[in-house]
Amino acid sequence: MKAKVENRYVEIDDIPNIGKGPTGTVIIDIEVNIIGTVTKVSLNPNSTLKHEQVVDLCKESALKTDFSYNPGANNITRGTITYTFKEK
């Protein structure tokens with residue numbers, strides 16, 4: 001998993017486990033508030049894996065991700081979380 005939000009650190013709590021499911025990359029667009037909570041998620045069109053159940057798991061995971069507080073940040077900061085699923 002790779003998370004990208006300007007001037008923020010990330011705490012990873014939940015990574016989706018899809019077992020021997022499909023392979024590819026799910027990119028989730030996120031909005032993070034000033035205290036580091038992910039408040040909005042959506043599927044990025046550049047995702048190569050668009051299986052509905054996998055995308056839903058990634059969205060749920062993204063909503064559980066906490067970023068660091070940044071008092072100098074805008075009220076909402078946009079970024080992405082990328083989940084890469086490979087054959088096991």
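A residue counts as buried when its relative accessible area is under 20%. Asn 44 has a relative accessible area of 11%, so Asn 44 is buried. The model is a predicted one.

**Asn 44**
- Asn 44 sits in the loop that runs between E4 and H1.
- Beyond its neighbours within four places in sequence, Asn 44 makes contact with Ile 27 and Asp 29.

**Largest nonpolar core**
- The largest nonpolar core holds 17 residues.
- Within this core, the residues that touch the most other members are Val 26, Ile 28, Ile 30, Tyr 83 and Phe 85.
- Two or more core residues come from each of strand E3 (24-33), strand E4 (38-43), helix H1 (52-63) and strand E6 (76-85).
- Ile 30, one of the core residues named above, touches Val 5, Val 38, Lys 40, Val 41, Ala 62, Phe 67, Thr 77, Arg 78, Gly 79, Thr 80 and Ile 81, with residues up to four places away in sequence not counted.
- In soluble globular proteins, nonpolar side chains tend to be buried together.

**Helix H1**
- H1 is 12 residues long, and its first and last C-alpha atoms are 17 Å apart.
- That span is close to the 16 Å expected at 1.5 Å a residue.
- Val 54, Val 55, Cys 58, Ser 61 and Ala 62 are the buried residues of H1.

**Salt bridge**
- The count of salt bridges is 1.
- The salt bridge joins the side chains of Arg 78 and Glu 31, with an N to O distance of 3.4 Å.
- Arg 78 belongs to strand E6 and Glu 31 to strand E3, so the pair ties together parts that are 47 residues apart in sequence.
- Arg 78 has a relative accessible area of 60% and is therefore exposed, the cut-off for that class being over 50%.
- Glu 31 is buried, because its relative accessible area is 17%.
- Side chains of opposite charge can pair when their charged atoms come close.
- Arg 78 is also among the residues that Ile 30 touches.

How values were computed:
Residues are numbered from 1 along each chain as its sequence is written. This is a predicted model: local features need pLDDT of at least 70, side-chain atom pairs count only at pLDDT 80 or more; totals for chains, interfaces and linings use all residues. Side-chain values use heavy atoms; hydrogens and water are left out. A nonpolar core is a set of buried Ala, Val, Leu, Ile, Met, Phe, Trp, Tyr and Cys residues joined through side-chain atoms within 4.5 Å. Buried means under 20% relative accessible area, exposed over 50%, partly exposed in between (1.4 Å probe, protein chains only). Helices (H or I, at least four residues) and strands (E, at least two) are DSSP runs, numbered from the N terminus. Contact means heavy atoms within 4.5 Å. The expected span of a helix is 1.5 Å times one less than its number of residues. A salt bridge is a side-chain nitrogen of Lys or Arg within 4 Å of a carboxyl oxygen of Asp or Glu.
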